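The following paragraphs are a guided reading of the model shown below.

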Amino acid sequence: MTQMNMVQAINDALRHEMRRDDRVVVLGEDVGKVGGVFRVTAGLWDEFGDDRVIDTPLSEGGIVGTAIGMALYGLLPVPEIQFSDFIYPAYDQIVSELAKLRWRSGGEYPAKMVLRTPVGGGIRGGLYHSQSPESLFIHVAGLKVVCPSNPHDAKGLLLASIRDPDPVLFFEPKRIYRASKGEVPEGDYTVPLGKAAVVRAGTDVTVLAWGAMLYEAIAAADEAKKQGVDCEIVDLRTLWPVDIETIVASVKKTGRVVVVHEAPKTCGFGAELIALVNEKAFLHLEAPPARVCGFDTPFPYTLEMDYLPLAHRILPAVVATARY
Amino acid sequence: MQTLASVDPAHAGVLSDELGIALYEHMVLVRAVDERLVALQRDGVIASHASAIGEEAAIVGAAAAMRDEDWIFPSSREFAAALWRGMPLVAYAHHVFGTARDPGRGRNAPDPPFWKAARVVSVSPLVGTQIPHAVGVAWAASMKKVDVASLVYFGEGATSSNDFHTGLNFAGVTKAPVVALCRNNGWATSTPASKQTASAGFAVKAVAYGLRGVRVDGTDVVAVLGAVRDARARAASGLGGTLIEAVMLRNETEPRVDPVLRTRQHLEGRGLWDAARQERLSREVHADVERAIAEAAATEKPARASIFDDVYAELPWHLREERD
C-alpha cells in the first residue's frame, strides 16, 4: 500500500497496464514529455517512448478518429481529451462511430478504447474547463461511463475499464485530482465496472452521488446527522450501466432518495436515476425523490461555488426529504 | 456516355493480360449488380442503393492495386471493392436485403457492406468519418513496423468535412501509409464541385497536409491501378500518404465516359477480348446476380431479439429488461 492522490493512482494504473500489455497506447494533446496539463501521464513517455505515448495534433475528432483505426488494427488506445469541455469536436466520432461499430458490424469490428478526460468544476476553470457532460454519453447505446471518487477506485476502475471489451468514457473529477488521497495497493487489482459502493450505511435517506460531489454529500450527511437524519450514501462509480441492484436495495430500505450531480438538472443523469427508482421501488417511496444539481445555465467562472451543488445546498434537500 | 478509344497506351505495361481480364470481368459484374439494385430501389423492394455507375474503374482499379494484407475503408459507393476483395455476391445481396444472413444483421440500410475476412471495414454512411479510421490503421501498422497500408475512398464532397481535414493532417504528421482516393465526379448529390471548393481541383489540398497529391483519369482503370500502386509503394518506403483525385466527370447525372466500355476496348485492342467472350460473360453475370438476389429475397429477416445483441460485448441488465 502506498499513499497516492488521484493523479498518481491513474498514472500508476496506466504505467502498470502499459508494462503488462503492449497493445496499450496513450495519445492526446501534450500527453508526452510534459505529461498532460494535469500531469496524469507524467513519466510515461520517458519509459515507453514516442510510439506508445503520443503527442497529437490539436484535434479531438482526429484523436478519437485515428484511435478508432488503431483499435480496429488491434491496439488498445487510451486517448486523453484534455478537458471534457473539449470533447464535442469528437462527439460525432464517439457517438456515430465508436459506440456503434460493434453493433453495425454484427460484432465483427468492435473498436475498444478508454477515453480519459477531466470533468467538473471547482478549479476556477470557467465556462469551458468545468463542464460535466456525462449524460450526453450515457444516452448513447454502446458506451460505458465511469467516474471514480478516490485514488483506490481510480486505479482499479481504470484497469477494469482498459480490460473491459467495450468503449469506456472515464471521467476524472479534476477538483479532487490532488485533494483526494488514500491508500492504493501496488500492482494488479481491479474495481469491477457496474458495481456501486455504499460508502456510508444509513436508514433515513439514500443519497446517490459520484466524483467530486461525493464529498459534498458526505459533508451534508455529517451535518444532517446532527439534525437526527441518518443518510446512506452510494458512490455510483460506474454511471452506465449503473448498479441498479444496489440503488434499489438502498431505496427500499430508506424509502427516500436524493441525487446529487454537477451537471445541469434538466435531462441530467439524476432524471434517469429517479425514473428508475420510480419504476422499481415506487411503492417503497415515502417522499418525492429530490435532485440537487448544477443549474440549467452555462457554468460560471466567478460564481462557480454558487453553481455547484455543494453541501450547503444538499443539506436542506436531504433533511426535507427525510422529514417529508 | 462518350467513349474513348482505349486507356492511355503509356500505362498499358502496368496491366498484365490476366489482371486486365479479371478487372474487366469484375467491372461488368458490378455494373450488372448496380443496374439491378437501382431498379430494385426504384420498385421499392430495397430502401436505398448507392450506385457507382461510371465510377467502376476508379473503385476496382484502386482495390486491385492494394495488397491482400492491406485494409480498405469504403464510403457509400464501394460495394465493388468488397466484391473484388472476395465478399461473395450472395453475402452482399443478404446485406442489401437486410436478411438474417447479412454480416451486419440487417442493422444498416443498404451500402456500404463490409467483409472482415478481407479487411474491408465497416463504415457509416456519414461523409468523411472513415478517413481518420483509415489513417489510424495505417499509423498503427507503421508503429508496429508491419508493411500494411490502408486505402480509403470518398467522394469529392467529403473534402469539405472536418474528418477529411483532420484525417489527412494526422496522416501527414505521422507519415502513415495511407492512400486516400477521392472520386471526383463533379457532383455531390446536387451540389457541383465549384460549390465544394475554390481550390484548383482536389489533389492540391494534399500540399497543405504535407502529403503528395496526384490527379488521375478515373475512367482509366490502368491509370488508376498504376497511381494507387505507386502510392502504396511510396507509403511502404516511409515517404507517407498520397491523396489521389480520380477525375470522372458527369453531365449532371450521366457519366461522360463509360469506364467499362473503355476497358473492354482496351482489351479488344490487345486481342484479349471478343464478342463471344462478352456474350458468355453477360450470361454468367446475369445468372449470378439473379441467383444471389433470389436467395436473399427468400431468406428470413433477423429475429427481434437480435436488436439487442452486439450493443455491448455482454448484454447489460437494462437491455435484458427491454428484450425480455
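The axes of helix 5 (residues 130-143) and helix 6 (residues 162-174) of chain B come within 8 Å and cross at roughly 15 degrees. Helix 5 of chain B is therefore roughly parallel to helix 6 of chain B; angles under 35 degrees count as roughly parallel, over 145 as roughly antiparallel, 65 to 115 as roughly perpendicular and the rest as oblique. Axes here are lines fitted to C-alpha atoms, for helices over the stretch in contact, and angles run from 0 to 180 degrees between N-to-C directions. Helices (H or I, at least four residues) and strands (E, at least two) are DSSP runs, numbered from the N terminus.

This is a predicted model, in which local features need pLDDT of at least 70 and side-chain atom pairs count only at pLDDT 80 or more, while totals for chains, interfaces and linings use all residues. Residues are numbered from 1 along each chain as its sequence is written, and chains are lettered from A and ligands numbered from 1 in the order in which they are written.

The crossing of helix 5 of chain B past helix 6 of chain B is left-handed; a crossing has this hand if the near helix is turned anticlockwise from the far one by less than a right angle, and is right-handed if clockwise. From helix 5 of chain B, Ile131(B), Pro132(B), Val135(B) and Trp139(B) take part, and they meet Asp163(B), Phe164(B), Thr166(B), Gly167(B), Phe170(B), Ala171(B) and Thr174(B) of helix 6 of chain B. Contact here means that the C-beta atoms of two residues, placed from the backbone, lie within 7 Å. This contact comprises seven nonpolar, three polar and one charged residue, where Ala, Val, Leu, Ile, Met, Phe, Trp, Tyr, Cys and Pro count as nonpolar, Asp, Glu, Lys and Arg as charged, and the others, Gly among them, as polar.

Chain B also contains an open sheet of five strands in the order 1-2-3-7-6, with parallel pairing; two strands pair if DSSP finds at least two bridges between them. Strand 1 (71-73) and strand 6 (212-217) of chain B stand at the edges with a single partner strand each, so one side of each has no neighbour in the sheet. From one strand to the next, the twist averages 20 degrees. Strand 1 of chain B is joined to strand 2 (residues 150-155) of chain B by three bridges, and the two run parallel. Within strand 2 of chain B, Leu151(B) is the bridge partner of Ile72(B).

Helix 5 of chain B packs on this sheet, where it touches strand 1, strand 2 and strand 3 (178-184) of chain B, and its direction makes about 170 degrees with that of strand 2 of chain B. Helix 8 (residues 221-236) of chain B likewise packs on the sheet, touching strand 3, strand 6 and strand 7 (242-247) of chain B; its direction makes about 175 degrees with that of strand 7 of chain B.

**Domains and sheet in chain A**

Chain A is divided into domain 1 (2-184) and domain 2 (197-322), with bounds from an automatic or database domain assignment. Taken over C-alpha atoms, the centres of the two domains of chain A are separated by 26 Å. Their contact takes 25 residues from domain 1 and 24 residues from domain 2 of chain A. On the side of domain 1 of chain A that touches domain 2, at least two residues each come from helix 6 (134-138), strand 6 (144-146), helix 7 (151-163) and strand 7 (168-173) of chain A.

A further open sheet, in chain A, has five strands in the order 9-11-10-13-14 with mixed pairing. Its edge strands, strand 9 (197-200) and strand 14 (290-294) of chain A, each pair on one side only. Strand 9 of chain A pairs with strand 11 (residues 231-235) of chain A in the antiparallel sense over three bridges, and Val234(A) in strand 11 of chain A is the bridge partner of Val198(A).

Helix 9 (residues 244-254) and helix 10 (residues 269-281) of chain A pack at an angle of about 65 degrees, with their axes 10 Å apart. These helices of chain A are therefore roughly perpendicular to each other, and helix 9 of chain A passes helix 10 of chain A in a right-handed crossing.

**Contact between the chains**

The contact between the chains takes 33 residues from chain A and 36 residues from chain B. Helix 3 (60-73), helix 4 (91-98) and helix 5 (101-104) of chain A give two or more residues to the side of chain A that touches chain B. The largest share of that side, 10 residues, comes from helix 3 of chain A.
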